Every structure is written in structure tokens, then in C-alpha cells.
Amino acid sequence: MPKIAVLGLGRFGMQLARELGRAGVEVIAADRNGRLVDEIKDEVAVAVQMDITDQDAMRAQDIGGVDVAVVAIGEGFESALLTTLVAKNLGAKMVIARAQTSLQADILSRVGADQVVRPETAVAHQLARRLSYPHLEDLIELDDQHSVIKLRAPASFVGQTLAVLKLRKRYRVNLVGIKRTLPPESEGQAARELMIAVPDANDVIQENDVLLLVGDHDALAELPQH
């Protein structure tokens, strides 16, 4: 498992540290606010109260030895900038910095951030996609151009084989899995779920199937919605 430092425990940093901790990642969570450190201490490997802009304090926690340092500071761009510089100077393998504006993103990149994220923009973008395409079960953006989606099988797909549908040729998307609900084996039991991980050309799409599809955003948007 990677070792990841989450530097700054605002709402974004706190949530990120929690999710990583639940996934079994070794997390160092740091903030100068002792109350926030106390809040997260039972959910991560290390929780430390310190000035994350102080190079000596960061060195003492071996921030230079982590696989990824996430500068999650939301308020106070100067602190985010200094923390990014310190993490880079100490030798962290990858530094991901949070920005609130495109100008901040540009500056952070110029001082050495390997990747810059804008959580609010990403969330708004994903929400817009979800509201625009309510037939989606789930959406995971891989990058600026490609996503993985879970799509409830459109009525026009039901009863058709994959060979007939020709999803790759007709819609420029790839089907990588089918999630299917099966009836209970006996009375009183719950319905069962079957995951077809490598669909065959002769597989027939059934009503209530959920299709796992990969493609660029434009291609996915052209899929039938009903």
C-alpha cells in the first residue's frame, strides 16, 4: 500500500484522509489545528498537529519519504504555495496540490506541483453530467476526456446480442461488464447479482441489466437514454 500525506484538514482534506484510511492506505494527516487532528486520529495511521509550511517540522514527520503528498489547503493560498514547495524540496515522490482558481493552479504547477486538482470544479462538473443523464447509475471520470459509466440498459438494447448492437462501431464505446439481477434460488431468499466481467458477442442484453461502459464523453453522451 502507498504512503500518503494529507496536508491540511479542511472539509476536502478530512474527507480524503478518511477515505484513504478506510481503504487501508497508510496516511499521515497533518494540520496546525489540534481539534481537527484529534477528530481524524483514530481513522489514520498518523495524525499530527504541526505547521505544514515549516520545513523542519515536515522533515521530522518524513514527508519527503511519502509516495504522495496532497496539499489540501483550501483557504490561504500562500500557505498552500509554501507547503507545496516544502513537500517538493523534501523529496516527496508526487505532490498533488489543491487550487481554487485557474490562476492558482497555474502558479502551483510552476512551483513544482506534479498535479493540481480543483475539487469544487470537478464536483460541479460531475453533478452536471449526472443531472444531464439521469439514466446513469454511476460515473467515474478517468481524465478530462474519458469516463467509465454504469448505464441501465436502454429499452432498444433489450433482447439484442452484443454482436447485433455493435456498440464499439455504432457508438464508439466499449462494454467491459454487465451487472445482472437474478431471481432468488428459492422462496424467501434475496435476489442474486451476477457480474459478467467479459461479455461475449452472443450475450443477450436483458431488462434491468446495468452496463459498464468506457468511452470519451461525447460518445457516452450519444448513447440512448431510454
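Student: How many cavities of 30 Å³ or more does a search of the whole structure find?

Tutor: The model is predicted, so local features need pLDDT of at least 70 and side-chain atom pairs pLDDT 80 or more, while totals for chains, interfaces and linings use all residues. Residues are numbered from 1 along each chain as its sequence is written, and side-chain values use heavy atoms, leaving out hydrogens and water. On a 1 Å grid over the protein atoms alone, a cavity is a set of points where a 1.4 Å probe fits but cannot get out. With a threshold of 30 Å³ or more, the number of cavities found in the whole structure is 2.

Student: Which residues line the second largest cavity, and how much space lies in it?

Tutor: Lining residues have an atom within 4 Å of a point. Those of the second largest cavity are Ile73, Gly74, Phe77, Ala80, Arg98, Ala99, Gln100 and Gln104. A volume is the space filled by probe spheres set on the points, which are joined across faces, edges and corners; for the second largest cavity this is about 40 Å³.

Student: Are helices H4 and H5 roughly parallel or roughly antiparallel?

Tutor: Helices are DSSP runs (H or I, at least four residues), numbered from the N terminus. H4 (residues 77-90) and H5 (residues 102-110) pack at an angle of about 20°, with axes 10 Å apart; axes are lines fitted to C-alpha atoms over the stretch in contact, and angles run from 0 to 180 degrees between N-to-C directions. Angles under 35 degrees count as roughly parallel, over 145 as roughly antiparallel, 65 to 115 as roughly perpendicular and the rest as oblique. H4 and H5 are therefore roughly parallel.

Student: Which residues of H4 and H5 make the contact?

Tutor: Contact means heavy atoms within 4.5 Å. From H4 come Phe77, Ala80, Leu81 and Thr84, and from H5 come Gln104, Ile107 and Leu108.

Terms used. Helices (H or I, at least four residues) and strands (E, at least two) are DSSP runs, numbered from the N terminus. On a 1 Å grid over the protein atoms alone, a cavity is a set of points where a 1.4 Å probe fits but cannot get out, and a pocket is an open set with protein on both sides within 12 Å along at least five of seven lines; lining residues have an atom within 4 Å of a point.
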